[in-house]
Amino acid sequence: MSLRTDANFFVLLADSYRRFVNGPLVPDGMCASDGAAWLYDTAPFGILAHDTSADPVFVYGNRRAQAIFEYDWDELTALPSRLSAEPMERHERQVFLDKVMRDGFVSEYRGVRVTKSGKRFWIERATVWQLMDADGIVHGQAAMIPEVRPLDAPATGASDQITKP
């Protein structure tokens with residue numbers, strides 16, 4: 001079953017985000033099925049999630065994340081998440097993810113990532129959190145990416161897109 005608009009997976013994403021970050025992932029008042037559809041199809045930010053395997057694989061990436069990283073759903077959900085960073089950035093990424101595991105979430109993250117075609121770019125102001133259900137079971141980690149910009153672009157604080165969704 002695809003997690004694209006799966007209401008149960010949406011509840012895991014949204015509830016764990018609210019629990020750790022103390023804020024909504026989607027506009028208030030949406031039921032789970034509407035929230036799942038909005039998050040996948042319409043959200044103006046990228047959302048990625050990976051599982052808890054020894055070499056975590058993406059299990060979710062909304063349309064915005066797919067556009068940012070230049071992968072379609074099938075490619076993205078077969079990709080080990082470490083490959084979203086270049087080899088020289090992977091150690092820094094792992095140290096960061098260990099901090100998320102320890103603290104539950106980290107906000108205002110900035111890091112270099114790489115697209116399918118090899119373009120390097122910054123993710124900016126990202127929030128990464130544990131995908132933890134109400135029983136305390138961790139199912140992976142998720143990231144909300146509100147801004148990206150090319151590596152060579154000056155920091156502006158404005159949201160720049162690598163590719164159009």
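Reader: Which residues are linked in a network of salt bridges?
Author: Before I name them, remember that this is a predicted model, where local features need pLDDT of at least 70 and side-chain atom pairs count only at pLDDT 80 or more, while totals for chains, interfaces and linings use all residues. Residues are numbered from 1 along each chain as its sequence is written, and side-chain values use heavy atoms, with hydrogens and water left out. For a salt bridge, you look for a side-chain nitrogen of Lys or Arg within 4 Å of a carboxyl oxygen of Asp or Glu. The network joins Arg 110, Glu 124 and Arg 149.

Reader: How many salt bridges does the count come to by this rule?
Author: The trio of Arg 110, Glu 124 and Arg 149 is tied together by such contacts, and Asp 41 with Arg 63 makes a salt bridge too. By this rule, the count comes to 9.

Reader: How many residues apart are Asp 41 and Arg 63?
Author: Their side chains meet in a salt bridge, at 2.8 Å from N to O. Asp 41 sits in helix H2 (residues 32–41) and Arg 63 in helix H3 (residues 63–69), so the pair links distant parts of the chain; helices (H or I, at least four residues) and strands (E, at least two) are DSSP runs, numbered from the N terminus.

Reader: Is Asp 41 buried, exposed or partly exposed?
Author: Buried means under 20% relative accessible area, exposed means over 50%, and partly exposed is in between (1.4 Å probe, protein chains only). Asp 41 has 42% relative accessibility, so Asp 41 counts as partly exposed.

Reader: Where is Arg 82, the residue that meets Asp 55 in a salt bridge?
Author: Those two side chains come to 2.9 Å, N to O. The pair links distant parts of the chain, 27 residues apart, with Asp 55 in the loop between strand E1 (46–50) and strand E2 (58–61). As for Arg 82, look in the loop between helix H4 (73–76) and H5.

Reader: Which residue forms a salt bridge with Lys 116?
Author: Lys 116 lies in the loop between strand E3 (105–114) and strand E4 (120–132), and its partner is 41 residues apart from it, in helix H4. The closest N and O atoms are 2.5 Å apart. That partner is Glu 75.

Reader: What is phi of Arg 125 near?
Author: Arg 125 has its place in strand E4. Its phi is positive, in a residue other than glycine, and the value is near 60°.

Reader: How much space lies in the largest pocket?
Author: Rolling a probe the size of a water molecule over the atoms shows where empty space is left. On a 1 Å grid over the protein atoms alone, where a 1.4 Å probe fits, a pocket is an open set of points with protein on both sides within 12 Å along at least five of seven lines, and lining residues have an atom within 4 Å of a point. Points are joined across faces, edges and corners, and a volume is the space filled by probe spheres set on them. For the largest pocket, that gives about 180 Å³.

Reader: Which element gives the largest share of the lining of the largest pocket?
Author: There are 14 lining residues, and those closest to the centre are His 50, Asp 51, Pro 56, Met 101 and Gln 141. Helix H5 (87–103) and strand E5 (138–145) each supply at least two. The largest share, 4 residues, comes from H5.
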